[in-house]
Amino acid sequence: MHSLTTSDFTPVGSSLLGLVGNTPVLHVSQPFTPSDRGFWAKLEGFNPGGIKDRPGLHMVERARTRGELRPGRPIVESTSGTLGLGLALAAMVYGHPVTLVTDPGLEPSMTRLLVAHGATVDVVSQPHPTGGWQQARRDRVAELLTEHRGAWSPDQYNNPDNVAAYTPLALELASQMGHIDVLVCSVGTGGHSAGISRVLRQLCPGMRLVGVDTIGSTIFGQPDRPRLMRGLGSSIYPRNVAYENFSEVHWVAPAESVWACRQLAASHYATGGWSVGAVALVAGWLARTTPPSTRVVAIFPDGPQRYLETVYDDQFCAEHGLLHGPPAPEPEVVGHPDEKEVTRWTRCTSVLDPLAATAATVGVEGDAK
């Protein structure tokens, strides 16, 4: 009779795919709220590469299933970093070479990490005249797709699989929290805010979705400006953004995010980068100003590791004027997204799709002629 040994036992979830998901939730209170208040943070930094491990794996798997991505063919995508890690993981799991197109703003440590994980990093040298670095990266992706036979790009900004990838995260939250009144998400490609809210709205019909963007981002109708914060914001208009789901949007400045990131690190150990700080600032205000019974949940997309040379570097922060001390206790308020150009933490409860608003204006002007 064969006796069992340790070599006969394979732990559940011991594959690369098993590393992603089932991330913890942490209650966050002081100094963001009084001790009897607080919000809950979903710590997606506990995934190997952060929140975008989920869409990286899902978009590749679905493309393979549909035959859009053939075995062994190249994956090419534009990234500011985090999706790059998810795609490097997916390329490893499914056996594809991956080329990640980025720009000079990517942290050197992130470039080294992506290369260590087997990715080729292609850096564009000049921003697009109107679409900035983001459009320059996308144009380079288009060039590479023509150069490499059978190459495939996820197109995270417009791919509905990017949204669908977050269904498991939403179900995890529903299991962990039971009920959610307010969900706070940073917005870049629009994937996780759309995917999570779509599912949770069915389970918690009255839930409000609050978007968090960076100053200088066009997503919610502000003018495009050079942006220091990476991982949220955009200089283009991603079609995955579910504008109709948002109750309000907040824009946050880099110094305000840095303050929040460092406060999280000092008080709760769990912290992250630009998106985490911006989301924490807004979630703390919501937890302070809504009734005590309100369950506010914030998505923390990543951890602090890639930001040691920026958010957590005193010299970098001093050079960029990011060490001003605490932000204002309340956001400034505007009645319409294009009322004025915002430069500090600002709130707006009128959420519109800038492209739809522009099209409507053009249509009215055309009818008047």
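Is Asn22 buried or exposed? Asn22 counts as exposed, because its relative accessibility is 68%, and exposed means over 50%. Keep in mind that this is a predicted model. UniProt, in an unreviewed entry, places the feature "domain: Tryptophan synthase beta chain-like PALP" at residues 18-302. That span is 39% helix and 16% strand, and its end C-alpha atoms lie 18 Å apart. Here's a tour, topic by topic.

- Asn22 sits in the segment before strand E1. Asn22 isn't a glycine, yet it has a positive phi of about 55 degrees.
- Tyr269 is another non-glycine with a positive phi, this one about 70 degrees. You'll find Tyr269 in the loop between H8 and H9.
- Tyr269 counts as exposed because its relative accessible area is 77%, and the cut-off for exposed is over 50%.
- Gln30 and Pro31 are joined by a cis peptide bond, with omega at about 5 degrees. Pro31 belongs to the loop between strand E1 (25-28) and E2.

**The three-stranded sheet**

- Three strands form an open sheet in the order E3-E4-E5, and the pairing is parallel. Strand E3 (75-78) and strand E5 (120-123) are the edge strands, each pairing on one side only.
- On average, neighbouring strands of this sheet are turned by 20 degrees against each other, direction ignored.
- E3 and E4 run parallel and are joined by four bridges. Look for Ile75, whose bridge partner in E4 is Val98.
- On the other pairing, strand E4 (residues 98-102) and E5 also pair in the parallel sense, over four bridges. There, Thr102 stands opposite Val123 in E5.
- E4 is mostly covered, with five of its five residues buried.
- In a regular strand, side chains alternate between the two faces of the sheet. In E4, Val98, Leu100 and Thr102 point one way, while Thr99 and Val101 point the other way, and all are buried.
- Helix H4 (residues 132-147) lies across E3, E4 and E5. The helix runs at about 165 degrees to E3.

**The nonpolar cores**

- Nonpolar side chains tend to be buried together in soluble globular proteins.
- The largest nonpolar core here has 39 residues. The members that touch the most others are Phe32, Phe39, Val184, Trp274, Val282, Leu286 and Phe300.
- Several elements each supply at least two residues of this core, among them strand E2 (39-43), strand E6 (182-186), strand E7 (208-214), helix H8 (254-268) and helix H10 (314-319). Strand E9 (296-300) and helix H9 (274-289) are on that list too.
- H9 gives the largest share of this core, with 11 residues.
- There's also a second, separate core of 29 residues, which includes Met177, Leu200, Met207 and Phe246.

**Asn162, a buried polar residue**

- Asn162 lies in helix H5 (residues 160-164). Asn162 counts as buried because its relative accessibility is 3%, and buried means under 20%.
- A polar atom of the Asn162 side chain lies 2.8 Å from the backbone oxygen of Gln156.
- The side chains of Asn162 and Thr189 make a polar contact at 3.2 Å.
- Not counting residues up to four places away in sequence, Asn162 touches Pro55, Met59, Gln156, Thr189, Gly191 and Asn240.

**Leu57 and its surroundings**

- Leu57 is part of helix H1 (residues 53-66). With 8% relative accessibility, Leu57 counts as buried.
- Setting aside residues up to four places away in sequence, Leu57 touches Leu17, Val20, Gly86, Leu89, Ala90, Val93 and Tyr94.
- Leu57 and Ser257 are 200 residues apart along the chain, and their C-alpha atoms are separated by 29 Å.

How values were computed: Residues numbered from 1 in each chain as written. Predicted model: local features only at pLDDT ≥ 70, side-chain atom pairs only at ≥ 80, totals over all residues. Heavy atoms only, no water. Buried < 20%, exposed > 50% of the residue type's maximum accessible area, 1.4 Å probe, protein only. Polar contact = N/O pair within 3.5 Å; in protein donor to acceptor, adjacent residues only side chain to side chain. Contact = heavy atoms within 4.5 Å. UniProt positions renumbered as here; feature names shortened; annotations may be inferred. Pairing = 2+ DSSP bridges. Axes fitted to C-alpha atoms, helices over the stretch in contact; angles between N-to-C directions. Core = buried A, V, L, I, M, F, W, Y, C linked by side-chain atoms within 4.5 Å.
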